[in-house]
Amino acid sequence: MRGAVLTHFFSYKYQKEPMSIQYQSLLGYRDEARRLHIHLTEIADTANHPAYEHEHVAEEAFYLLEGSAKYHFGGKIVHAGPGDVVFIPSGVRHAKIEYLSPSMRYLTIRTVEPEDEACCCGEDRAPISLKPCS
Ligand SMILES: [Zn+2]
């Protein structure tokens with residue numbers, strides 16, 4: 001299976017309404033990628049998608065497939081639509097987004113950094129092993 005593209009579906013673990021946002025890992029740890037991660041993000045209902053402002057060491061880029069939005073980060077506003085790439089540099093707080101369409105579909109491409117928490121989809125690094133109770 002080396003080099004094969006595997007797909008995995010996950011629901012957003014912080015979202016009360018399941019299926020509002022969905023991630024499909026396209027390239028991750030299971031595919032032997034260690035420094036690069038790609039997932040497809042689908043937001044079915046942007047009106048009910050809460051803001052999740054955050055920052056991380058990883059560099060992150062969104063390649064928009066469907067939908068458009070205004071991304072606020074680093075003191076600027078980037079208006080993006082299908083075919084556009086939004087690049088978030090390392091350490092820049094982001095994810096304040098004004099959605100301009102009822103749904104969104106985009107690729108999230110990000111580096112894997114040991115200092116960061118796992119990606120939202122959890123597929124960018126080895127699964128966390130639970131230690132047995134002593
Ligand atoms: Zn991010």
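## The nonpolar core

A nonpolar core is a set of buried Ala, Val, Leu, Ile, Met, Phe, Trp, Tyr and Cys residues joined through C-beta atoms within 7 Å. A residue is called buried if 20 or more other C-beta atoms lie within 10 Å of its own, exposed if 12 or fewer do, and partly exposed in between, with the C-beta atoms placed from the backbone. In this structure the largest such core has eight residues: Ile21, Ile43, Phe62, Ala69, Tyr71, Ile97, Met104 and Tyr106. Strand 5 and strand 9 (104-111) are the elements that give two or more residues to this core.

Before going further, please keep in mind that this is a predicted model, in which local features need pLDDT of at least 70 and side-chain atom pairs count only at pLDDT 80 or more, while totals for chains, interfaces and linings use all residues. Residues are numbered from 1 along each chain as its sequence is written.

## The chain as a whole

Buried residues make up 19% of the 134 residues in the protein chain. Two residues are in contact if their C-beta atoms, placed from the backbone, lie within 7 Å. Among contacts with a separation of 6 or more, 65% join residues 24 or more positions apart.

Strands of a sheet pair through backbone hydrogen bonds, either parallel or antiparallel. Here, two strands count as paired if DSSP finds at least two bridges between them. Three strands form an open sheet in the order 6-5-8, with antiparallel pairing. Its edge strands, strand 6 (76-80) and strand 8 (96-99), each pair on one side only.

Strand 5 (residues 69-73) is joined to strand 8 by four bridges, and Ala69 stands opposite Tyr99 in strand 8. Not counting residues up to four places away in sequence, Tyr71 touches Val78, Ala80, Val86, His94 and Ile97.

## Strand 3 and its partners

Strand 3 (residues 36-43) runs antiparallel to strand 2 (residues 21-27), with six bridges between them. Gln24 stands opposite Leu40 in strand 3. Strand 3 also pairs with strand 9 in the antiparallel sense, over eight bridges, and His37 stands opposite Arg110 in strand 9.

Leaving out residues up to four places away in sequence, Thr41 touches Ile21, Tyr23, Tyr106 and Thr108.

## Two residues in loops

Glu32 is placed in the loop between strand 2 and strand 3. Its phi is near 80°, a positive value in a residue other than glycine. Glu32 is exposed because 11 other C-beta atoms lie within 10 Å.

Ala95 lies in the loop between strand 7 (85-88) and strand 8. Phi of Ala95 is near 90°, which is positive in a residue other than glycine. With 14 C-beta neighbours inside 10 Å, Ala95 counts as partly exposed.
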